[in-house]
Amino acid sequence: MVVLREGACPGLDAGLVGDLRAAGITTVEDVVSSDIEELARRCNVSYKALFAIRRVLLAQHAAFPVSGADLYEELLSSTAIVSTGNPGLDKLLDSGLYTGEITELCGGPASGKSQVCFAVAVHVSSRLKQGVVFIDTTGGLSAGRLLQMLRAETSGAEEQMEALQRIRVFRLFSVFHLLDCLCELQGGGLQQAAAGGGGSVKALIVDSVSAVIAPLLGGRQNEGMSLMMQVAGVLKTMAKDFNVAALVTNHVSRGLGGEPQAGLGASWGAVPRTRVLLQRADGGHTSVRSATLIKSSRRVGGGSPCGVHLSFYRMYLEMCVSTSQPCHIREEFDLRWWTRCEERPAGKRPTPDERL
């Protein structure tokens, strides 16, 4: 609560502040919630002067009211869905990655997390003609791998080079360098990254956040939790302010019952709006991966394989209160979907028969 002080707004002098305090009015909240006509009579001051002071205090300290319809219209105009390029994964994610929020891929070694990140970067830059910022904290990204995947999208060398130019890569191997990079991008570097390759940046990928944060958690390293939440705060702000889809990867650990669970602890658990667990399928001998939606603000329940869709308006209400529903919807997809250029004409996706 803000205490009334002399000079807080025009007309609020020492004498009036004293009269208001004598009447039991000591804070801005007291002035706003009081009957102005009754208060003017009790303090023996002009009703018009007190009403003007109340309006100024409201403008200075009260939140500007916005209707639900206006908020909904803002959501419709600002939210975009960025396809991953894989129909199975898009189906699980309710059409793709949503701008303005963080999507997390978690899984063990060789579960396909980095492969999906590479594929999303290639698809956004090549098919959607939009910029991508890729932050590599593991050293696993190579231009050769991106070029191999681009050849599955298009056969033109010029188009491939243009797509590569839309992907801005940062290699960082400490949480401090990660924070510095994110803050620089937040301060204007994101627009510069877009200007370098054409198109606006629509995807911010961090592979992986756990690689630089996990070593600082636990034991006597108290700063690890603070640094983790700083990274989370900057990622959320950038996703919202710049209308980009943030995609991060995380490792998994084992719970008491042996079930896989996302790393970085419960504090990080509230950061991603959507979380997908990637696991090997078919005994791990093929490129098929099982993707399980274990957290989402748009889908509830897991009794049906396809889940239960929320209406778009209800989805928005879910987003406003930042709640995510527990669900265990599962889809299988093939990692080779993005790289089967030898088995089909360039630029064409395999048919359902070709995928079997």
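1. Helix H3 (residues 36–43) packs with helix H4 (residues 47–61) at an angle of about 125°, their axes lying 9 Å apart. H3 and H4 are therefore oblique to each other, a class left over once angles under 35 degrees (roughly parallel), over 145 (roughly antiparallel) and 65 to 115 (roughly perpendicular) are set aside. Axes are lines fitted to C-alpha atoms, for helices over the stretch in contact, with angles running from 0 to 180 degrees between N-to-C directions; helices (H or I, at least four residues) and strands (E, at least two) are DSSP runs numbered from the N terminus.

2. The contact (heavy atoms within 4.5 Å) involves Ile36, Glu37, Leu39 and Ala40 from H3, together with Tyr47, Leu50, Phe51 and Arg54 from H4.

3. The peptide bond from aspartate 207 to serine 208 is cis, with omega near 5°, and serine 208 sits in the loop between strand S6 (201–207) and helix H11 (210–213).

4. Aspartate 94, although not a glycine, has a positive phi of about 60°; this residue is in the loop between helix H6 (87–92) and strand S2 (97–98). Aspartate 94 counts as buried because its relative accessibility is 14%, where buried means under 20% relative accessible area, exposed over 50% and partly exposed in between (1.4 Å probe, protein chains only).

5. This is a predicted model, in which local features need pLDDT of at least 70 and side-chain atom pairs count only at pLDDT 80 or more, while totals for chains, interfaces and linings use all residues. Residues are numbered from 1 along each chain as its sequence is written, and side-chain values use heavy atoms, leaving out hydrogens and water.
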